[in-house]
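Dear colleague,

I am passing the structure below on to you, and my notes on what was found in it follow directly after.

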Amino acid sequence: MALSRYDNTALLDRKFFITQQSYNNIKEALDSGAISSITYVTQPLERLDILAKHFYQEGRYWWIIALANDI
């Protein structure tokens, strides 16, 4: 069996999910500036989990980057 690149990534709590309302609230806060953000231009083959590890010190927060960028 091949190893997955996610084998050593901590799992999120299985009860965790984002509702549509939560998504809308986060997007509104980003758009209004209530939540700060930066502009970062990705390089070819960069992955969201690696960027999350760099910016948040935790690769499992890749979904924050995805949500903020409508990915």
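Y56 has a relative accessibility of 36% and therefore counts as partly exposed, a class that lies between buried (under 20% relative accessible area) and exposed (over 50%), with a 1.4 Å probe and protein chains only. Please keep in mind that this is a predicted model, in which local features need pLDDT of at least 70 and side-chain atom pairs count only at pLDDT 80 or more, while totals for chains, interfaces and linings use all residues. Residues are numbered from 1 along each chain as its sequence is written, and side-chain values use heavy atoms, with hydrogens and water left out.

Y56 belongs to helix α2, residues 48–56, where helices are DSSP runs of H or I with at least four residues, numbered from the N terminus. Together with I38, Y40 and F55, Y56 makes a nonpolar surface patch of about 390 Å²; such patches join nonpolar side chains (Val, Leu, Ile, Met, Phe, Trp, Tyr) within 5 Å, taking residues with over 30% relative accessible area and no salt bridge, and the areas come from the Shrake-Rupley method with a 1.4 Å probe.

The structure holds one aromatic pair, a term for rings of Phe, Tyr and Trp (its six-membered ring) whose centres lie within 6.5 Å, with planes under 30 degrees apart counted as stacked, over 60 as edge-to-face and the rest as tilted. Y40 and F55 form this pair edge-to-face, at 5.3 Å centre to centre and 75 degrees between the planes. Because Y40 lies in the loop between α1 (20–32) and α2 while F55 lies in helix α2, the pair ties together parts that are 15 residues apart in sequence. Both residues are partly exposed, Y40 at 39% relative accessibility and F55 at 31%.

A search of the whole structure finds three salt bridges, each being a side-chain nitrogen of Lys or Arg within 4 Å of a carboxyl oxygen of Asp or Glu. K27 forms one with D70, the closest N and O atoms being 3.3 Å apart, and this pair links distant parts of the chain, with K27 in helix α1 and D70 in the segment after α3 (62–68), 43 residues apart. K27 counts as buried at 13% relative accessibility, whereas D70, at 54%, counts as exposed. D49 and R47 meet in another at 2.7 Å, N to O, with D49 buried at 11% and R47 partly exposed at 26%. The side chains of E58 and R60 also meet in a salt bridge, at 3.7 Å, N to O.

Best regards

Note on methods: Patch = residues over 30% accessible without salt bridge, like charges linked within 9 Å, V, L, I, M, F, W, Y side chains within 5 Å. Helix = DSSP H or I, 4+ residues; strand = E, 2+ residues; numbered from the N terminus.
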